[in-house]
Amino acid sequence: MKRALITGIAGQDGGHLAKFLHEKGYEVYGIIRGQMEASHPRYKAVQAEMPYVHLVMADLLDLAALTRAMQEIKPDEVYNLAAISHVGYSFRDPVLTADVTGKGVLNMLEAIRLAGLEKTTRFYQASTSEMFGGLDYNRPEKGYTETATFHPRSPYGVAKLYGHWITRNYRESYGMFALSGILFNHEGERRGPEFVTRKISQSVARIKYGKQEKIELGNLDSKRDWGYAGDYVKGMWLMLQQSKPDDYVLATGETHSIREFCELAFKEIDIDLKWEGNGADEKGVDTSTGKTLVSINPEFFRPAEVDLLLGDPSKAEKELGWKRDVDFKGLVKLMVTHDLAAEEQIIQLG
Ligand code: NAP
Ligand code: G4F
């Protein structure tokens, strides 16, 4: 039985990956942070959701705890998913973001070496399309590939770029099987409510049941290459099964605006949106009632924005045989359907 260690087990991807690896027959260990005892409500909630995961307490900032975990578990595969992962938040707390999202990767790699596992343990680093920055000058027509130029536009993107390069450096310096998946946005029913897609799908469900009047958003113009997280964790695993370590882009090859996501999400509850006004005065209005359902709150604007992300997953499709099951429309439907069911359950429970 192979042993896998996942950091960021309590996050969106951690849950999908743990289930996927468990179903493949892995013994799965997951790192959870904080002063957690088995009686802690958060620890209990994660354990209840994933009873097959052995939870290990450690923090990405704590090299000693990470080294101990490596020595005790001796994992065959390590998936480093832990990070301060919210781009907007990284502008508010850039130092912590650099420490966790950047230097935390170095701590993981060093922990593997200090435990003497650098020749046996395979390491996956969660790199990101945020490293490209979405600017015109570096954007290939068919989308970003593994060799496109990086130009990160947030403290998060800069920290991730350090993680990306230090992973590559450990591969080249010590012959470690260490690689990065450069993943474009992936979403789903486990997505945190602080990210725009989940904020929209949860709000649409609350609006449907009269618990919320409207959604306040920031930049509606930005475009993202959105896929389903369940499809992307398969790609992470495939990368670590190859005979040689290499970096791969995972993306859908399609890009859509925040506005389009809103339109499709409201369609799921039979509301057609039309857009009125410009800039900070723009509104999304219900065509049949005239009610404003989306408005702009400049609080959600970022000091620098990534306007457009589009990835080219050709290499992963060709070399890994990676395929996706969920397209953009399917993703919006899946998320809104999930959140409507959750609201219905709350209502039924009183
Ligand atoms: P997520 O839901 O935000 O999960 C991140 C996890 O990291 C959380 O469980 C968090 O723990 C944990 N964490 C934060 N700081 C930590 C620390 N100091 N020590 C240990 N754990 C810590 O992120 P995700 O969407 O699953 O993404 C997984 C990874 O892929 C992240 O590295 C992200 O940056 C990267 N990525 C994501 C996407 C995407 O679209 N989802 C795209 C490209 C790359 P708590 O639960 O305690 O907060
Ligand atoms: O959902 P977002 O916060 O995701 P973002 O910034 O693209 O980052 C996510 O994807 C990255 C991969 O490219 C990951 F590396 C990263 O960890 C994270 O998972 O924002 C998407 C877009 C942005 O342009 C943002 O300005 O939506 C815009 N937006 C508009 N209104 C909003 C809002 N974003 C958020 N979070 N909240 C809003 O109200």
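Reader: Which residue is the bridge partner of V28 in β3?

Author: Two strands pair if DSSP finds at least two bridges between them, and strands are DSSP runs of E with at least two residues, numbered from the N terminus, as are helices, which are runs of H or I with at least four residues. In this predicted model, V28 has V53 as its bridge partner in β3. Strand β2, residues 27-32, pairs with β3 in the parallel sense over five bridges.

This is a predicted model, in which local features need pLDDT of at least 70 and side-chain atom pairs count only at pLDDT 80 or more, whereas totals for chains, interfaces and linings use all residues. Residues are numbered from 1 along each chain as its sequence is written, chains are lettered from A and ligands numbered from 1 in the order in which they are written, and side-chain values use heavy atoms, with hydrogens and water left out.

Reader: In what order do the seven strands of the open sheet stand?

Author: The order is β3-β2-β1-β4-β5-β6-β11, with parallel pairing. β3 (53-57) and β11 (248-250) are at the edges with a single partner strand each, so one side of each has no neighbour in the sheet. From one strand to the next, the twist averages 25 degrees.

Reader: Which strands does helix α1 lie across?

Author: Axes are lines fitted to C-alpha atoms, for helices over the stretch in contact, and angles run from 0 to 180 degrees between N-to-C directions; contact means heavy atoms within 4.5 Å. Helix α1 (residues 12-23) lies across β1 (3-7), β2, β3 and β4 (77-80), and runs at about 175 degrees to β1. Helix α5 (residues 94-114) also packs on the sheet, where it touches β1, β4, β5 (122-128) and β6 (178-183), and its direction makes about 175 degrees with that of β5.

Reader: How many residues of α1 are buried?

Author: Buried means under 20% relative accessible area, exposed over 50%, and partly exposed in between, with a 1.4 Å probe and protein chains only. Nine of the twelve residues of α1 are buried, among them Q12, D13, L17 and F20. Just after α1, G25 adopts a positive phi of about 95 degrees.

Reader: Which residues are closest to ligand 1?

Author: A residue is near a molecule if one of its heavy atoms lies within 4 Å of it. Ligand 1 is surrounded by 24 residues, the closest being R33, R42, D59, S85 and Y156. Q12 places a backbone N or O atom 2.9 Å from an oxygen atom of ligand 1, and a polar backbone atom of D13 is 2.8 Å from an oxygen atom of the ligand.

Terms used: A polar contact is a pair of N or O atoms within 3.5 Å; within protein, one must be able to donate a hydrogen and the other to accept it, and residues adjacent in sequence count only if both atoms are side-chain atoms.
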